[in-house]
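User: I have a model open and would like to talk it through. Could you take my questions one at a time?

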Amino acid sequence: MQELFNDMRSYFNERLNSPLVFSYVVAWLFFNYKVPLWLSSDLPESEKIALVDAYLHGGWDSALHAYGWPALISFAYVFIVPIPAGLA
């Protein structure tokens with residue numbers, strides 16, 4: 001059991017050390033800051049689920065805001081921002 005736990009921990013640690021994954025998580029939290037606030041609030045569980053579901057799955061505009069912009073920002077941070085540093 002301890003070996004399984006250590007393997008899982010090293011797997012998640014390896015994934016979070018990836019610049020693309022880490023930047024996506026940070027960008028997602030920036031764009032969707034309401035979700036962690038709702039989840040940590042004192043609201044009833046059913047209301048929390050309804051709020052998060054409506055916020056993240058409300059249509060194309062909310063999908064773009066919830067997933068598209070964080071993906072674009074993290075892609076730019078990892079692949080485009082280092083280009084000027086290489087030119088200097």
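User: Let's start at the end I'm looking at: how exposed is Phe79?
Analyst: This is a predicted model, and in it Phe79 is partly exposed, with a relative accessible area of 44%.

User: Which helices do Trp38 and Tyr55 sit in?
Analyst: Trp38 belongs to helix H3 (residues 34-39), whereas Tyr55 belongs to helix H4 (residues 45-56), and the pair therefore ties together parts that are 17 residues apart in sequence.

User: Is Tyr55 buried or exposed?
Analyst: Tyr55 counts as buried, because its relative accessibility is 18% and the cut-off for buried is under 20%.

User: Back to the two Phe residues: what kind of pair do Phe75 and Phe79 form?
Analyst: Phe75 and Phe79 form a tilted aromatic pair, with 4.8 Å from centre to centre and 45° between the planes. The two residues are four apart in helix H5, so about one helical turn separates them.

User: Staying in that helix, where is Ala63 and what does it touch?
Analyst: Ala63 is placed in helix H5, which covers residues 60-80, and, leaving aside residues up to four places away in sequence, Ala63 touches Leu56 and Gly68. Ala63 is partly exposed, at a relative accessible area of 26%.

User: Zooming out, what does the secondary structure come to?
Analyst: The protein chain has six helices and zero strands, which reads along the sequence as α-α-α-α-α-α.

User: And what is the radius of gyration?
Analyst: The protein chain has a radius of gyration of 17 Å, whereas a compact globule of 88 residues would have one near 12 Å. Along its principal axes, the C-alpha trace spans about 55 × 45 × 20 Å.

User: What share of the residues is buried?
Analyst: Buried residues make up 17% of the 88 residues in the protein chain. As for the surface, the accessible area comes to about 7,000 Å², and 71% of that belongs to carbon and sulfur atoms.

Notes:
Residues are numbered from 1 along each chain as its sequence is written. This is a predicted model: local features need pLDDT of at least 70, side-chain atom pairs count only at pLDDT 80 or more; totals for chains, interfaces and linings use all residues. Side-chain values use heavy atoms; hydrogens and water are left out. The radius of gyration is taken over C-alpha atoms; the globule rule is 2.2 Å times the number of residues to the power 0.38. Buried means under 20% relative accessible area, exposed over 50%, partly exposed in between (1.4 Å probe, protein chains only). Accessible areas come from the Shrake-Rupley method with a 1.4 Å probe; for residues, only the protein chains shown count as cover. Contact means heavy atoms within 4.5 Å. Rings of Phe, Tyr and Trp (its six-membered ring) pair if their centres lie within 6.5 Å; planes under 30 degrees apart count as stacked, over 60 as edge-to-face and the rest as tilted.
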